[in-house]
Amino acid sequence: EKINMISSDKIHFFRKQNNYIIEKLAEELNMESRTYFNKAKGKTEFTATEIWMLTVLLNCSLDDLIKETDEMNDLEI
């Protein structure tokens with residue numbers, strides 16, 4: 001079972017903080033708005049490159065975007 005590690009709420013927070021509309025952020029990530037929306041909502045996963053680009057565009061760290069859930073804490077790494 002795949003676990004989407006990126007928090008849609010955190011993406012939304014940093015997107016708003018950096019004054020990005022969905023269409024502009026999707027364009028910066030070189031994807032359609034619908035594709036971005038599905039990834040941001042956790043319906044599909046961001047690639048590692050897209051996650052890195054999000055941290056650059058949204059001026060945040062990877063840790064800032066990671067979900068803080070019990071499900072994540074139970075992962076064996």
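This is a predicted model: local features need pLDDT of at least 70, side-chain atom pairs count only at pLDDT 80 or more; totals for chains, interfaces and linings use all residues.
Visitor: OK, and how many helices and strands does the secondary structure come to?

Guide: Six helices and zero strands. Read from the N terminus, the elements go α-α-α-α-α-α.

Visitor: What share of the contacts with a separation of 6 or more comes from residues 24 or more positions apart?

Guide: That share is 63% for this protein chain.

Visitor: Now the core. Which residues of the largest nonpolar core touch the most other members?

Guide: A nonpolar core here is built from buried residues joined through side-chain atoms within 4.5 Å. The largest one has 18 residues, and Leu25, Leu29, Tyr36, Phe46 and Leu54 touch the most other members. At least two residues each come from helix H1 (8–17), helix H2 (22–28), H3 and H4. H4 gives the largest share, three residues.

Visitor: Let's zoom in on Phe46. Which residues is it in contact with, leaving aside neighbours within four places in sequence?

Guide: Phe46 is in contact with Ile11, Leu29, Tyr36, Lys39, Ala40, Ile51 and Leu54.

Visitor: And Gly42: why does it count as partly exposed?

Guide: Gly42 has 33% relative accessibility, so it counts as partly exposed. Gly42 is in the loop between helix H3 (33–40) and helix H4 (48–57). Its C-alpha atom is 8.1 Å from that of Ser7, 35 residues away along the chain.

Methods
Residues are numbered from 1 along each chain as its sequence is written. Side-chain values use heavy atoms; hydrogens and water are left out. Helices (H or I, at least four residues) and strands (E, at least two) are DSSP runs, numbered from the N terminus. Buried means under 20% relative accessible area, exposed over 50%, partly exposed in between (1.4 Å probe, protein chains only). Contact means heavy atoms within 4.5 Å.
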